[in-house]
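Let's take a friendly walk through a protein model together. Have the sequence and the 3D view ready as you read.

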Amino acid sequence: MKTIKQVSDLTGISIRMLHYYDKIGLLKPSKTTDAGYRLYGDDSLEILQQILFFKELDIPLKEMKEILKSSHYDKKQALGKQKDLLVLKRDRLNELIELIEKKLKGDETMSFKEFDMSEYFNMLDTFKQEHESEVVKYYGSVEEFNKIIETMKSKELEGAKMAIKQFGSIERYTEAMKNNLDHLPDVMEGFQTLKKNIDVYMAQMDELMERLTSDLSTNPSSPHIQEIVKEMDDMAREQNEIVGLDMGENYWGLMADLYLTNPAFTKVHDKKYGKGATKFIGEALKVYSGE
């Protein structure tokens with residue numbers, strides 16, 4: 001039997017998230033002691049391994065639970081499908097690595113096609129046509145959904161650059177957004193769960209920001225500062241896991257750009273954490289993202 005801390009250290013899943021898995025019935029401990037301590041045996045660890053595979057494929061928690069609890073669930077068959085999907089993901093990542101290597105070698109070739117979001121907008125139109133009831137339920141009306149699309153189209157180049165920055169390509173961004181829309185009810189339910197605890201989350205994030213900017217003379221790349229950024233990353237990923245959203249491969253690189261270049265960010269964060277705080281945060285996030 002392993003304690004919850006041992007399981008957390010072994011898998012990288014926070015104790016808080018393991019508590020949440022227990023709460024929603026996704027992963028129950030094998031045993032709970034009289035003192036209330038959770039203990040995990042081989043049976044629970046085997047389920048957790050499956051959950052980790054699902055996490056890599058961006059499967060929402062609610063869907064994981066339905067799959068694992070289904071009477072038709074076949075572990076061997078599921079592993080085979082997971083393997084096939086992970087191979088596809090690996091191949092996509094290899095393509096991104098190859099593109100980065102070309103850039104590092106000085107290949108600055110870039111066609112306008114890299115910024116073409118036609119595929120993304122086509123995906124939104126298809127979703128609108130096939131899921132009209134969900135569009136009306138969550139966006140108010142088809143007309144409101146159309147307005148959102150038109151606003152995006154009016155800022156296509158800006159949106160494309162952000163998508164590429166965060167996800168590596170428009171194709172990968174479109175894939176992630178399609179996955180979000182395919183699980184829209186689960187995503188919205190996740191947002192409602194977060195909303196109930198938003199004050200706690202904001203207080204925790206504010207505390208991390210206070211620690212991060214407590215001494216702006218510190219080197220943003222110092223281990224102490226980077227450890228705080230990692231805590232921010234862990235918290236953000238936990239929240240996104242509850243909602244079921246894909247953060248992308250370079251979420252913090254995108255956030256670093258916003259802190260370093262967006263005047264609105266400077267106005268808000270310099271006022272709250274001190275002059276120069278916004279730039280400091282951006283530089284710390286940039287280091288963390290590996291840029």
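## A pocket and its lining

A pocket, in this report, is an open set of grid points where a 1.4 Å probe fits, with protein on both sides within 12 Å along at least five of seven lines. The model you are looking at is predicted. Its second largest pocket has a volume of about 940 Å³. There are 31 residues in the lining of this pocket, and Lys-55, Glu-56, Arg-237, Glu-241 and Met-247 come closest to the centre.

Which helix gives the most to the lining of the second largest pocket? Helix 13 does, with 8 residues. At least two lining residues also come from each of helix 2, helix 3 (42–56) and helix 4 (61–69).

Now find Tyr-21, which sits in helix 2 (residues 15–24). Is Tyr-21 buried or exposed? Its relative accessible area is 0%, so Tyr-21 is buried, since buried means under 20%. Leaving aside residues up to four places away in sequence, Tyr-21 touches Ile-13, Leu-26, Leu-27, Leu-48, Ile-51, Lys-55, Leu-61 and Glu-241. For a sense of scale, the C-alpha atoms of Tyr-21 and Lys-75 are 20 Å apart, and 54 residues separate the two along the chain.

Next, look for Asp-233 in helix 13. Asp-233 has a relative accessibility of 6%, and therefore it counts as buried too. Beyond residues up to four places away in sequence, Asp-233 is in contact with Met-247, Trp-252 and Tyr-288.

How many bridges join strand 1 to strand 3? There are 2, and the strands run antiparallel. Thr-3, for example, has Leu-39 of strand 3 as its bridge partner.

## How confident is the prediction?

Across the protein chain, the average pLDDT is 86, and 96% of the residues score at least 70. Confidence is highest in helix 16 (residues 277–289), at a mean of 94, and lowest in helix 5 (residues 75–104), at 74.

Definitions and conventions. Residues numbered from 1 in each chain as written. Predicted model: local features only at pLDDT ≥ 70, side-chain atom pairs only at ≥ 80, totals over all residues. Heavy atoms only, no water. Helix = DSSP H or I, 4+ residues; strand = E, 2+ residues; numbered from the N terminus. Buried < 20%, exposed > 50% of the residue type's maximum accessible area, 1.4 Å probe, protein only. Contact = heavy atoms within 4.5 Å. 1 Å grid on protein atoms, 1.4 Å probe; cavity = no way out; pocket = protein on both sides within 12 Å on 5 of 7 lines; lining within 4 Å. Points joined across faces, edges and corners; volume = space filled by probe spheres on them. Pairing = 2+ DSSP bridges. pLDDT = per-residue confidence, 0-100.
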